Structure formats: C-alpha cells, structure tokens
Amino acid sequence: MRPNRRHMALLISLTLVSFALADWPQWRGPNRDAKVSDFKVPANWPKELTKKWSVEVGIGDSTPALVGDKVYAFARQGDDEVLTCLDAASGKILWQQKYPTVTVSGGSAPAHSGPRCSPAVAGGKVYTLGVGGTLSCFDAATGDLTWRKEDFKGAWPQFYTGSSPIIVDGLCVAQLGGRNNGGVIAYDAATGAERWRWTGDSPAYGSPVLLTVGKAKAILAPTESNLVALSAADGKVLWQVKYSQGRYNTATPIVNGNTLIYAGPAQGMTAEKLDQQGDELTATPLWKNGDNSMNFNTPVLKGGLLYGVSSTNVLFCINAENGQTAWTAPLSAQAGSAPPAPPAAPPPGKGFGGKGGRGGGGGTAGYASVIDAGRVLVALTAAAQLVVFQPSATEFKQIASYKVADGGTFAHPVLSGNRIYIKDKDRVTLWTVE
C-alpha cells in the first residue's frame, strides 16, 4: 500500500523530531547543572572524532548556546564584542551583531580579552553580558537589538565580568558593576525595564542559579564575599552566608532539591540543607570537604556523586551523601595560554590578589569542565583534551580521549545527539561521534 501525503508528512515529522537537537540555552545547560539529556553514547568509541566544520568567531571564553538549529557564539573581534548566529549543522554564519567594548588590561588579562559570560536564550531573545558589563538583548531570529543596559558603565570586577545572566519568570537577572559599586539587578526580559536591584555586595565571577524551597523561589548568586538567596519576585534577601576569603567566587552553586552544595577556592566544598521559615530560608549544615580547592570549575552531581577538577588539576569524586572523597586522579592540562590561577589558599591574614586574567597568582591549573552526558562523563581541559570516563564510586575509568583544538579551551563543550561543539580561543568547531 502506497502511503498518502498525510502519512508521508507524519513520517517526515517523526523523523525530524527523532533527530532534533536538545537545547543548551544558557550557562551549564537548561537547568544550569551541566547535564545533557540526549547525547548518543556509542557502543564503541571511535579512534578519532570527525570534524564537520570550524568557524572563526573571535576571542573569548564564553560557552556557546545551542537552541533549535542555531548556535549563538559571543566573542571579541578587535575592539568589538560580537554575537554570531551559526547554522548548527553547517556552521554557516546567519547573522552577526557587534558593539564597541572596553580595553582589557592588567597582567595576562589581554590574552583573554573576550567575553567570559555565556549567552542565555529564552523567549526568542538572546541575552549577553560583555567583559565591561554591557548587558544586551537581541532578537534570536534576526539579531536586531531589543534593549541594552550599561547602568554601571566603567565598573567591573578586578578581572572583568564573568557571571552569566539567568532568565527566570520573565526577568533577566545579572550581576553588574564592580567592587563597592554593583549588585544583582533584575530587568524585564522583554522591555529591559528594571524590576528590582540588590546592592548588598559586589559581583563575583560565579553564575547565579534558580533555587526553589517550599513556596520560596530565589536567585542564588555567588557575590564577592557571600552566597546570597534573593527572592526572584522582588529581590528581598531570603538567606545568605559568608563563604570566601577573597574575590574569587567562581563556582556555580549546585542545587539538589533542598540540598545546597557550594565550592570555593579556599574552603573546598560545603553542603547544607535549606528549609523555609516564614519569609526567610534557614540552613542546616550537612558536611564539609576541604580536600580540594576549586578555582574555575563547578563539579557536576550524578548518581549521588560529585565529579570535579581541583585547582591542582586533580579530577575528584566526592560522595554527596556524606562528603567523603571517593577517589582522585590527575587530569593533564598543558595549556600554555592559560591565565594564571589564584593559589589554593591565601597567605594568613591576606585575601587573594595579584594580577591575572580570570584570577591572580601562579600556575595554570584548575581550568576544566565536567559534563554529565548520560552513561558517561566528559571532561574538557584547558589544553583541549576531551576525556570520556565512566561514572564510578570507586575509581577513575577512562573510556576515550581526544584532542579537539590546538589549546586554550576555557568554555564548556556543548553536547547534543552525536555532536560536540567546542569553543577554543577564537573558533567554534563541530565534532561528531561516528
């Protein structure tokens, strides 16, 4: 029996759905937890990945966003910050928008003069935050500018803006400004009108996440010296804790139901249980683990285990129930272009300081990302080594390893289907697992 047009249309529709890419619309994915929902893990990993295309988009450490059939890359070209929209399959440039940005200076910062904040895509808009604190909203289809904010023009953290904006309940929430002159600001995502602001502390480099405890919905933001939960509706402080000895709060908080896990460069990892008490939140300590300090890595939680990379390039696994270290393994990172990382802990009585790109001090370790890709975990080092390993509570079990660029990979990899998008120093490359 020959299928009619209706049947053919249905078959085509089902085929398109089966091959549709899962979105990676913002920093660390849909839920900001570094989890991939649709990566196709092969039965046998190939000897090499297949390179499909590579497009120069500009300098920057910002992780691209993948939404539908488009990739949005935010980078620097010359004196401009540029948002580039690419066709996800072919790499064809569909549109670009640019605006003048600030001069980046100080130590090795000029080598990392491009954006560090990842775009957020929601409601047909793309939101970007540049190194100098310029917050922009673009039409995702055309690239047309919808609105732009420079409320703290000329003010940014010591090592420039590094916190990615988040879209919650029709609000675009971002950490803006610099030391002693900034805070967390919420704008109407459609119009750019300010809805609320909190200026109780200066911005840090870690990115905010959404936290829901009972009926309380909060923006959980790492600031210069605190971790603060602000009501998503009006910016009221629901809870906060002082948790840093310096200006290097770079990790994104991890939320698992009522459990909050946060990491810092000096104190390792802390877990607390949050409960709603009236109009505020209270915290009950669960555990602390000081075995590993973290500079520019946020661990991923999978199956009751935390996998992350320390400031000394050690891949570690921690039991999230009791906070005990399960195992550690060295993770090679030989990225000569890596900016200096801050030391594991400041000298007695001193905070972190010095010059640098995204941190000050010595060494090139601590720049890595870990992704939960379903049946496997994937780590990307600053030296552009993509390491595939098996989830395990007892030992590190490597499955495969691939070189995916010449070096300088400080953005997260974006995985969907059999595709792996890599942003290196100045290019976006699509690799596939064949």
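Tyrosine 421 has leucine 430 as its bridge partner in strand E32. This is a predicted model, in which local features need pLDDT of at least 70, side-chain atom pairs count only at pLDDT 80 or more, and totals for chains, interfaces and linings use all residues. Residues are numbered from 1 along each chain as its sequence is written, and side-chain values use heavy atoms, leaving out hydrogens and water.

**Pairing around E31**

- Strand E32 covers residues 427–432 and runs antiparallel to E31, with five bridges joining them; strands count as paired if DSSP finds at least two bridges between them.
- Three residues link E31 to E32 in a hairpin.
- On E31's other pairing, strand E30 (residues 414–416) is its antiparallel partner over three bridges.
- Valine 414 sits opposite tyrosine 421 of E31.
- The hairpin of E30 and E31 has two residues between the strands, and glycine 417 in this turn has a positive phi of about 60 degrees.

**Burial of E31**

- Strand E31 (residues 419–423) is largely enclosed by the rest of the structure, because four of its five residues are buried.
- Buried means under 20% relative accessible area (1.4 Å probe, protein chains only).

**The whole chain**

- Of the chain's 434 residues, 59% are buried.

Methods: Buried < 20%, exposed > 50% of the residue type's maximum accessible area, 1.4 Å probe, protein only.
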